[in-house]
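Okay, everyone, thanks for coming. Let me put the structure up and then walk you through the pockets.

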Amino acid sequence: MTHHEMWLPESSTDHLRGRTLRVDGEGVLLDTVRREAARAAMLPATTDADVTIDLDESLGPETFRLVRRDGVTNVVAGDERGALYGWFELVRLGARALGDDVPGQVNRPAHAMRMLDHWDNIDVHPVMGQVERGYSGGSIFYDAGEVRADLSRVGAYARLLASVGINRVAVNNVNVHAREARLLTDDLHEVVRIAEQFRPWGIRVHLSVSFAAPILLGGLPTSDPLDAEVAQWWADAVARVYEAIPDFGGLLVKADSEGQPGPFSYGRDHADGANLLARALAPHGGIVHWRAFVYNHTQDWRDRSTDRARAAFDHFTPLDGRFDENVVVQVKHGPMDFQVREPVSPLLAAMPGTRLALELQVTQEYSGQQQHAVHLGRPWSEVLGFRPSGDDGPTVSELAGGGLAAVSNVGDDFFWTGHPLAQSNLYAFGRLSWDPQLAPSAVLDEWIALTFGDDPELARTVHGILDDSWETYESYTAPLGVGFMVNPGQHYGPSVDGYEYSPWGTYHFADRDGVGVDRSVATGTGFAGQYPEPWRSRYEDPATTPDELVLFFHHLPYGHRLHSGKTVVQHIYDSHFDGVERVERMVASWEQARGRVPDDLFERVSERLAEQLRSATEWRDQVNTYFLRKSGIPDERGRRIF
């Protein structure tokens, strides 16, 4: 494995050596398929094939099926992108692709839009660095205040994204600073170069833009979305982008959130702001992704009536039906901020007249920052399969008609994601975006096989470390859905009261009597009432709220007995001790990989696991000590708490 390969190493294409592909038709993507075939077979792309790809438009866009006839495997694709994805399916299947049991069903993506958002800065930000919430080194796009002269690694990145079906990428931070804003205008020629790296792989480029761009870049006195000059400025700017990049995807906007400018400054609302950009994009087939992450970040901690969890629902539900067709409102999977455990956002079930996209976070801001081995396929699968209206209602995946988006975890680190095992999250996001019904454990096994080859003992080792690693991380960090017990700013490591008296609205309200936030309708902030039935009633009552979320919805005494039979405080003690023991087992298990993987990979994972154990121990000791001192209730098992 080199820094130019993640999954799909050369060994994964051994079954195609001596075979190449005949492709009917012409085009950039089909040329790419030819090159990939030659790469696998180490033969000229014009060699007669044992595998063929034919185009059949009746299948629809991005769609393919594998057909085995007369000892030959055929990929029948609906278009060029379908041909590309069909090629990668052959590689993923391995030798099975050339056997009589090759799967023959139509393979169609569940979501037309499968997008990664990069929070990369051109200039190094004095607080957030080159990549905001980036834990894998610098940006693959930018260096020293400029777009990189050599973008070959972006091309390699595009290949690996195409291998799991990603078809759109936003290439700069949603917190758009003055330097990044110029990508829309002065530095558009550089975006053209980036787009050229993604185009052969069927990936369209998007830009994050500042809502204040008419002022910052155009010299106008206002960015009022109802001002005719502002509308014309956006129309002209967008037209120039499409003239330079005909397959440009669209714009991504964070507005009126955490200090970013937006329509509120002019007495307008989010529909006014989003529709302004949508109408500039519409003649070109472009889309505006308008993030719903909007809340009061200057909250008074003394005020228990203001609840950050309510904010997205309160801001956006009154606007349902007012957004133009090419607006996609992008909603974080939970109502807070990518916590290790939080309920699904009620907004996803509350806007039937609006295109919604689900936003996830591949970069592990609140799940160990790629210092910890935490595989996120399982929580994502749970979110995608959640039914807000009960067993007969649609899933979150079905409600997200605007597609899936996620914050990327890639940087210029030799292993791409800092922690080599964090590559599994990027793979899982792509595969679950394509088919959310895939079993996350099976997706993990796919990645392991493609990355590490066919060593069964090594596969068991890696699977054992990662499969329940999310629950392991949860067990030694924030208990029962309470969230945000992290160091302010950097968000790494424990600080139980780090945000308790801050303006950010991220409180747990622990006192001598209990812990948790009362979000009931009867006595609390009313957040539980934002859900449809049956969840409204279930979340309203501690007796029917799932244990893993009970402190998100209720302030409970330390002696309150959970469904598990444990008291709240004993659960806190037990889970934190158990979490450290689980990490100790992960460390010991990885030793079995010594000599079975390259030395540099072994050492990097070993270093990260050592840090995970150190951090988990710190979490255990700080959290348990805090709650012993708050509650005065000792651990019933008599273990050492400081």
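**Pockets and one buried alanine**

So, let's start with the largest pocket: by class, its lining has 14 nonpolar, nine polar and nine charged residues. Keep in mind that this is a predicted model. The space in that pocket comes to about 570 Å³. It has 32 lining residues, and the closest to its centre are Met-128, Glu-132, Arg-133, Gly-489 and His-491. Where does the largest pocket lie? Domain 2 (114-436) and domain 3 (474-517 + 555-631) both give residues to the lining, so the pocket lies between them.

Next, the second largest pocket, with about 450 Å³ of space. Here 25 residues do the lining, and closest to the centre you'll find Arg-341, Glu-342, Pro-379, Val-383 and Trp-470. Split by class, that lining is 15 nonpolar, five polar and five charged. Helix H10 (377-385) and helix H16 (535-540) each supply at least two of the lining residues, and H10 gives the largest share, with four.

Now for Ala-312, which sits in helix H9 (residues 311-316). Is Ala-312 buried or exposed? Its relative accessibility is 17%, and the cut-off for buried is under 20%, so Ala-312 counts as buried. Leaving aside neighbours within four places in sequence, Ala-312 is in contact with Ala-292, Val-294, Thr-317 and Leu-347.

Last, confidence. The chain has a mean pLDDT of 93, and 93% of its residues reach 70 or more. Residues 42-49 are below 50, though, and that stretch has 15 contacts in the model beyond near neighbours in sequence.

How values were computed:
Residues are numbered from 1 along each chain as its sequence is written. This is a predicted model: local features need pLDDT of at least 70, side-chain atom pairs count only at pLDDT 80 or more; totals for chains, interfaces and linings use all residues. Side-chain values use heavy atoms; hydrogens and water are left out. Buried means under 20% relative accessible area, exposed over 50%, partly exposed in between (1.4 Å probe, protein chains only). Contact means heavy atoms within 4.5 Å. pLDDT is the predictor's confidence in each residue, from 0 to 100. On a 1 Å grid over the protein atoms alone, a cavity is a set of points where a 1.4 Å probe fits but cannot get out, and a pocket is an open set with protein on both sides within 12 Å along at least five of seven lines; lining residues have an atom within 4 Å of a point. Grid points are joined across faces, edges and corners, and a volume is the space filled by probe spheres set on the points. Ala, Val, Leu, Ile, Met, Phe, Trp, Tyr, Cys and Pro count as nonpolar, Asp, Glu, Lys and Arg as charged, and the others, Gly among them, as polar. Domain bounds come from an automatic or database domain assignment.
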